[in-house]
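Hi everyone, thanks for having me.

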Amino acid sequence: MPNEAYLDQSVHWKIRSGQLGFAEPTHPEVAEAILEGGLATEVGQRLGSGKEADVYLCRDGPRLIVVKVYRQYRTAHRGGRPIKLESMGQRALIELDLLTYAWQGGARVPAPGRRVENMFSMQYLGTTEAVAPMLQHARLEDPEAFLESTVAGVEALAEAGIVHSDLSPFNILVHEGEPWFIDLAAGIRVDRLGSPAWVRLNEAMRALESGGRALHRYFQRYGLSLDTADLVARVQTKIDLFRVH
Ligand SMILES: Nc1ncnc2c1ncn2[C@@H]1O[C@H](COP(=O)(O)OP(=O)(O)OP(=O)(O)O)[C@@H](O)[C@H]1O
Ligand SMILES: [Mg+2]
């Protein structure tokens, strides 16, 4: 399908009118886009910055929320056509879809909000004083219990039909003493298998093994270990419940 077909009309207009450039937007520009899109009523500080997206703390009326903004243009993709913009809208759509799916399935993920172009809103994890820390930077009071809830959380995601393909102490936030899973961008749906079932499941299990190892390395700092094979086996049991293979 041609890229243009997906482009929101307003974006088309901005491109034609020269309002969109090829430089990364500055904070005020991103803030304006968030406000203009009606995702928030106030835009605050940037909470995090990853490979492809930035996350902003915002206010929607009285509520604190966050907005994840996929960056539109990166050097490698600069060209004469707005192809990057399009794919970033797609990425936001995919992540919000997976997040919604996980949330509806009862997994501990931020409640999904809305998407506008390359941005989407979701529940803010944290208090009015401080944002929930990444597991990597948190100080756990009861690491053993937390390890257990992390494994249970991964199982709950699988039960909702998703394997998080980028599990790490950077993509788990510690909120109200519990693990919350974020950054579902590359999550793998394991309930409805578009490609041959074993391909998708193998991919999911490989991702899970590598995530399990990352978490194992993390929990070692507390003298604990996470058995990756056991994690994979547990998740497989959950998936088996759906009789997908
Ligand atoms: N719902 C949320 N509540 C509070 N803070 C959040 C929330 N979502 C993300 N953050 C903060 O923003 C940071 C980046 O978020 P996330 O991991 O989703 O994006 P990313 O790593 O930039 O994405 P990508 O890897 O796709 O480029 C997180 O580490 C966290 O500190
Ligand atoms: Mg991340």
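This is a predicted model: local features need pLDDT of at least 70, side-chain atom pairs count only at pLDDT 80 or more; totals for chains, interfaces and linings use all residues.

Five strands make it up, and it is an open sheet with the order 1-2-3-5-4 and antiparallel pairing. As a reminder for anyone new to this, strands of a sheet pair through backbone hydrogen bonds, either parallel or antiparallel. Which strands stand at the edges here? They are strand 1 and strand 4, residues 112–116; each has a single partner strand, so one side of each is left without a neighbour in the sheet. From one strand to the next, the twist averages 25°.

Now look at strands 2 and 3. How many bridges join strand 2 to strand 3? There are 8, and the two strands run antiparallel. To pick out one pair, find Ala53: its bridge partner in strand 3 is Tyr70.

Next comes the ligand. Around ligand 1 there are 24 residues, and the closest are Gly48, Gly50, Val55, Leu125 and Asp183. The elements that give two or more residues to this shell are strand 1 (42–49), strand 2 (53–60), strand 3 (63–70) and strand 5 (119–123). Strand 1 provides the largest share, 3 residues. So what kinds of residues are in the shell around ligand 1? By class, we have 14 nonpolar, 6 polar and 4 charged. The shell also draws on two domains, with at least three residues from each of domain 1 (3–123) and domain 2 (135–240).

In soluble globular proteins, nonpolar side chains tend to be buried together. In our model, the largest nonpolar core has 56 residues, and those touching the most other members are Ile34, Val67, Ala102, Leu157, Ile162 and Val163. Helix 3, residues 83–104, gives the largest share of this core, 7 residues.

You'll find Ala185 in the loop between strand 8 (178–181) and strand 9 (188–189). Is Ala185 buried or exposed? Count the other C-beta atoms within 10 Å and you get 22; the cut-off for buried is 20 or more, so Ala185 is buried. In sequence, Ala185 and Ala92 are 93 residues apart, yet in space they are 7.9 Å apart, C-alpha to C-alpha.

Conventions:
Residues are numbered from 1 along each chain as its sequence is written. Chains are lettered from A and ligands numbered from 1 in the order in which they are written. A residue is near a molecule or strand if its C-beta atom, placed from the backbone, lies within 6 Å of it. Helices (H or I, at least four residues) and strands (E, at least two) are DSSP runs, numbered from the N terminus. Ala, Val, Leu, Ile, Met, Phe, Trp, Tyr, Cys and Pro count as nonpolar, Asp, Glu, Lys and Arg as charged, and the others, Gly among them, as polar. Domain bounds come from an automatic or database domain assignment. Two strands pair if DSSP finds at least two bridges between them. Axes are lines fitted to C-alpha atoms, for helices over the stretch in contact, and angles run from 0 to 180 degrees between N-to-C directions. A nonpolar core is a set of buried Ala, Val, Leu, Ile, Met, Phe, Trp, Tyr and Cys residues joined through C-beta atoms within 7 Å. A residue is buried if 20 or more other C-beta atoms lie within 10 Å of its own, exposed if 12 or fewer, and partly exposed in between; C-beta atoms are placed from the backbone.
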